[in-house]
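Please view the sequence and the model alongside the text.

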Amino acid sequence: MNTITDRINNDGYAVINNCINKRLLGKINRSISTKLKKVLREKGQKSISNNLTENFLKLKKKISQYEIQIMLSKHLLEENLIDEVFEQNKLQSNLINLIGPDLSYMTDFEMAINEKSLTDNDYYFVKKYHQEFWSGMGLEALQLWIPLNLKKGMGTIEIIKSSHKWGHVPNRNREPIELPKNYKEIKLSISNGSVAVLSALTLHRTIKNNHNEIRVALPITVKNFYYPNTGNSDLNHFKKINFSVFSNLRKVLGNPNLTPYRIFHPTKTKKI
């Protein structure tokens, strides 16, 4: 039985197909477009179109792409749209199967926008092979890659199959020092509405976008908030999005001694 868990265990990655509905994707993309238009107006831009790519490129002339990506990420958080993504039943149930019901996601994520003019020298946006572990992600976590605007010819990411079994790969300047002689590269096959899941040790890199429109994706780390931290997740911010029966009971009782102070009242409780 080739389950999502089996594929991650064997290959270091898997795709959860059709786990985000089209209505929500449309809502997110409209929100991104609206935000770009709003900021362009604030920056004094007179000609504003309804085309996402055109507006992005106009704004990129006024502020850096890094600033745009951070701004849009924060905007989606403020609009609670990331919460809505994780409330999608199929996505949430698969994550629970993978790492348990006490789920949290990292709110310090940065939207990934890739456009045609970027070159291999733009290493921050066109990343070479790397492991998320290098950036402080722990083994207890999973990395999600969620395409929002992805069309044929835009490319995705490339993965070295089963590279998570190599452990921590030595690196310098954000790329491996050396790789084994034989390995298999996989161009990720995915579409809007699906989510890729990677181990913290899976080597992957950006595939350059050769389409005239921008590719937009969300790389977001998820973890079980009870799992021991093996990276630097304590330096980042995580939002809890699902709770086990145990966690809900802790919340009801209200303190680590689990004394039921919230359900007793001195005037309504019989003394024994």
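## Helix packing and a histidine site

Helix H2 (residues 22-42) packs against helix H4 (residues 65-78) at an angle of about 125°, and their axes are 10 Å apart. The model is predicted: local features need pLDDT of at least 70 and side-chain atom pairs pLDDT 80 or more, while totals for chains, interfaces and linings use all residues. Residues are numbered from 1 along each chain as its sequence is written, and side-chain values use heavy atoms, without hydrogens and water.

Helices (H or I, at least four residues) and strands (E, at least two) are DSSP runs, numbered from the N terminus. Axes are lines fitted to C-alpha atoms, for helices over the stretch in contact, with angles from 0 to 180 degrees between N-to-C directions.

From H2, Ile28, Ser31, Ile32, Lys35, Leu36 and Val39 meet Ile68, Met71, Leu72, His75 and Leu76 of H4; contact means heavy atoms within 4.5 Å. Eight of these residues are nonpolar, two polar and one charged.

His130 sits in the loop between strand E3 (112-114) and strand E4 (141-149). His130 is buried, at 11% relative accessible area (buried is under 20%, exposed over 50%, partly exposed in between; 1.4 Å probe, protein chains only). Leaving aside residues up to four places away in sequence, His130 touches Arg174, Thr202, Leu203, His204 and Arg205. The side chain of His130 also reaches two backbone oxygens, as tabulated.

| Side chain | Backbone oxygen | Distance |
|---|---|---|
| His130 | Lys128 | 2.7 Å |
| His130 | His204 | 3.0 Å |

Definitions and conventions:
Polar contact = N/O pair within 3.5 Å; in protein donor to acceptor, adjacent residues only side chain to side chain. Nonpolar A, V, L, I, M, F, W, Y, C, P; charged D, E, K, R; others polar.
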